[in-house]
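This report is written for a reader who has not seen the structure before. Please look over the sequence and the model first.

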Amino acid sequence: MKKSVFLGTLAATALLAGYASAATLDDVKARGELNCGVNTGLVGFAAPDANGNWQGFDVAICKAVAAAVLGDATKIKYVPTTSETRFTALASGEIDVLARNTTWTFSRDTDLAFTFTGVNYYDGQGFMVKKDLGVTSAKELDGATVCIQTGTTTELNLADFFKVNNMSYQPVAIQTNAEGEQQFLAGACDAYTTDASGLAATRAAFASPDDYIILPEIISKEPLGPLVRQGDDQWADINRWVLNALVAAEEYGVTSANVEELSKGTDNPEINRMLGNEGDLGAMIGLDKDWAKRAVSASGNYGEIFAATIGESTPIGLARGLNAQWTQGGLLYSPPFR
Amino acid sequence: MSDLHSESVAFVRDTMLTPQSPPASQAGAIKWLRENLFSGPMNTILTILGVGIVVYLVNLGLPWFLHSVWNANSLAECRSAITATWGPDAHGACWAMIRERWSQFMFGFYPNVFYWRPILALLLLFVALAPILFAEFSNRLTIAGGVVAALVVWLAASYGEWLPVGILAVVAAIAGLLAVQGTKWPHNLIWFPIVYAGIAFWLLWGGSIFTPIAALAGIVVGWLAFRILAPIAGNIVAVTAAVVAPVLWWYFGSEPVIDLLSRALPRVEPFWLPPVDSDQFGGFVLAFVIGLTGIAFSLPMGIVLALGRRSDMLLVKALCVGFIEFIRGVPLITLLFTASLLLNYFLPPGTNFDIILRVIIMVTLFSAAYIAEVIRGGLAALPRGQYEAADALGLDYWKAQRLIIMPQALKISIPGIVSSFIGLFKDTTLVVFVALLDPLKGITDAVRASIEWKGIYWEPYIFVGAIFFLVCFSMSRYSMYLENRLKREHR
């Protein structure tokens, strides 16, 4: 009897939780604040500055969503999450969206019951070595000692890569990125491996970056994107199309500088529809007409965000590569606004 | 006449031999060295080895410290400054990072216009600790009081706030009044620690002043219930009422009263402070809030648990043993994860149960279980005669505990209790696993994630470690002082 009461309560709680999360948009609007899960600190992607303002590539996604939904890119509560806490924080409703360099994988999408709303950065695992090692390709790393962060997908990718190429390696287990850099600099390992974006940022921070090279091979696919809880399609749509709007804005030449002017009407009907001059796309996702305009004004279109946070003009200096528009040979391809 | 007689005048020596210095091998530094460092072949080898290690470490670290840079805006600037001054191969510490991110290490994301609030809370903490930590008045205490008062005035002046001086004046006035009535310093401040809990909460989190006042009023309600019911209905009923009445007050009575009062008065100081969210706490403010609250609440809870474990009542004993063994059998990180993540699944959606409060509860429970065992050790160390003597005097259970058992048991347990406290304070850094920005790793990683300071490694650890050492070492020194003062055996 008592057990059944307990189970009943549990079921009711779960139902209630499911019901409440079915209207994330209403919750966010009522709260007047977007709870956005970000990394506790990843160079270029999410980091607080000396005044505690969060900045970075992933943070810009939070700002665009908040601008589209609430009309104010500052109405965000940033919830720093670790790789252990991120999924529980999202599943339990503590955060509305997780924008934390999270790889889109099959099991995360299905088994963990999340919905990835797109890809904001196509990453992949690479290697960095000392230049005087004389290695120019990852295929020459047979017998090398490799610094590798334990408990991550990179560890598994590394094992796969060396197995496929019939090579042996000696792993040097490290806990954090900072520790890995320290070990690599101290010569504890021949090669350091992590996501290519992380390697670039790490190398940029070395005292003498020119003594180190990043090998050309990328050994894994790491599509990083924002994600939301499964079961609230409207909220997922909003997040998906905010990201698409940022990508499309770059394709059509809509920038934070000219968005105000273009929203008054152009001769490109696609831009007009996106910025709310023609039709009413916003109503279909529960927002007003200007949602995309505000999203782009928050920190610019995809290209502007990339250039300001991780692009070639920043110390991190990442090239667009796979993250260029499809018209430029990259993978960014927004479905039409129609 | 014999010669003997003329020679019989007593010999009086009028000059003393000048004392000779002892042989070189039996005095001074050489003797000390021989006795302590080179007393045998084994010790000689160990000494040489030790000196070698020290020289190696100093050689490794000293240039790094000597080449420190204090003024720079990024790690790259630090490096170029070191290269410019000390040559291209020199390595140096870049303390400029601490300088630039000092406030982040101290306050986390606390709004910088309100920095005076945590600082004032810290200064008032010293006032609150004085009557607890020091039983006798001394000149040093006067000096310390003067310094705190001066700092409060300076704080008020530099932030343009009159509230710090106001609070200090009220505290001084009440303490002075009690002193005039004959209570000795610092006993006339003994009420302040309880009030301090409310003041510190209000200063740190802000909001209406009536929230902490209503919470503290619960204690008064409980005390009144006890005083009124004790003569009428007996002790057991009165104690039950003293527990139930405050809970009822907190649940039903306080909300409307807070509402009414905060609406009746304008939202200005001293009735209202702008609220600060828990997610803006970080760095040492967070470590101190969690650590000190944990310390303050885990000691009484530990005492109760220890008594419960030794109780004859089966249910009480079973509950206490179960609690202590469960908590001690589970790692603290598990409890923190439960508090931050699992709890959200079970609470109704939308409930915003403050994360810092959740962490504080878990840390307190964890520490209380350990302190309970430490105190149980103290209780077990008391000779049986002490208990029997208390019974023979006709004291009831609580009086016996308060007057005879506890003062002795606690004195025995001081080193253990203080180690538990030090452990608890250091464990506050574990909150980084539930994504709170502790000073050691949370803030450090956040700082390292900025482009300017990426690649910095030792400096933040050394800095944070030094502050932790300072706090923990003070606690340990105080525990030694207390042990000495309470020493009764050899008088």
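The structure is a predicted model. The predictor gives the complex a pTM of 0.86 and an ipTM of 0.82. For chain B, the mean pLDDT is 88, and 97% of the residues reach 70 or more. Among the elements of chain B, the lowest mean pLDDT, 56, belongs to helix 1 (residues 3–6) of chain B, and the highest, 95, to helix 13 (residues 314–328) of chain B.

Chain A contains 14 helices and 13 strands, while chain B contains 19 helices and two strands. How does the radius of gyration of chain B stand against the globule rule for 491 residues? The radius for chain B is 30 Å, well over the 23 Å given by the rule, so chain B is more spread out than a compact globule. For chain A, with 338 residues, a compact globule would have a radius of gyration near 20 Å, and the 22 Å of chain A agrees with this.

The table sets out some overall values for each chain.

| Property | Chain and value |
|---|---|
| C-alpha extent along the principal axes | Chain A: about 70 × 60 × 40 Å |
| C-alpha extent along the principal axes | Chain B: roughly 115 × 80 × 50 Å |
| Buried residues | Chain A: 46% of 338 residues |
| Buried residues | Chain B: 30% of 491 residues |
| Contacts joining residues at least 24 apart, among those at least 6 apart in sequence | Chain A: 72% |
| Contacts joining residues at least 24 apart, among those at least 6 apart in sequence | Chain B: 70% |

## Strand 1 of chain A and its partners

Strand 1 of chain A covers residues 34–39, and six of its six residues are buried, which leaves the strand mostly covered. Strand 1 of chain A runs parallel to strand 4 (residues 76–81) of chain A, and six bridges join the two. Within this pairing, A:Asn35 has A:Lys77 as its bridge partner, and A:Cys36 stands opposite A:Tyr78.

Strand 1 of chain A also pairs with strand 5 (residues 97–103) of chain A, again in the parallel sense, over two bridges. Here A:Gly37 stands opposite A:Leu98.

Strand 4 of chain A has five of its six residues buried, so this strand is largely enclosed by the rest of the structure. In a regular strand, side chains alternate between the two faces of the sheet.

## A five-stranded sheet in chain A

Another part of chain A holds an open sheet of five strands with mixed pairing, in the order 10-9-11-8-12. Which strands stand at the edges? Strand 10 (169–174) and strand 12 (212–214) of chain A do, each with a single partner strand, so one side of each is left without a neighbour in the sheet. From one strand to the next, the twist averages 30 degrees.

Inside this order, strand 9 (residues 144–149) of chain A runs parallel to strand 11 (residues 191–195) of chain A, with two bridges between them. A:Val146 has A:Ala191 in strand 11 of chain A as its bridge partner.

Helix 6 (residues 153–164) of chain A lies across strand 8 (125–130), strand 9, strand 10 and strand 11 of chain A. The helix runs at about 155 degrees to strand 9 of chain A.

## A loop residue

A:Gly253 belongs to the loop between helix 9 (233–251) and helix 10 (259–262) of chain A. Is A:Gly253 buried, exposed or partly exposed? A:Gly253 has 13 other C-beta atoms within 10 Å. A residue counts as buried at 20 or more and as exposed at 12 or fewer, so A:Gly253 is partly exposed. A:Gly253 and A:Val146 are 107 residues apart along the chain, and their C-alpha atoms are separated by 43 Å.

## Where the chains touch

How many residues of each chain take part in the contact between chain A and chain B? The contact involves 36 residues of chain A and 29 residues of chain B. On the side of chain A that touches chain B, the elements giving two or more residues are helix 1 (2–21), strand 2 (47–48), strand 4 and helix 7 (177–185) of chain A. Helix 1 of chain A gives the most, with five residues. By type, the residues on this side of chain A divide into 17 nonpolar, 14 polar and five charged.

Technical notes. Residues numbered from 1 in each chain as written. Chains lettered and ligands numbered in written order. Helix = DSSP H or I, 4+ residues; strand = E, 2+ residues; numbered from the N terminus. Rg over C-alpha atoms; globule rule 2.2 N^0.38 Å. Contact = placed C-beta atoms within 7 Å. pLDDT = per-residue confidence, 0-100. Pairing = 2+ DSSP bridges. Axes fitted to C-alpha atoms, helices over the stretch in contact; angles between N-to-C directions. Nonpolar A, V, L, I, M, F, W, Y, C, P; charged D, E, K, R; others polar.
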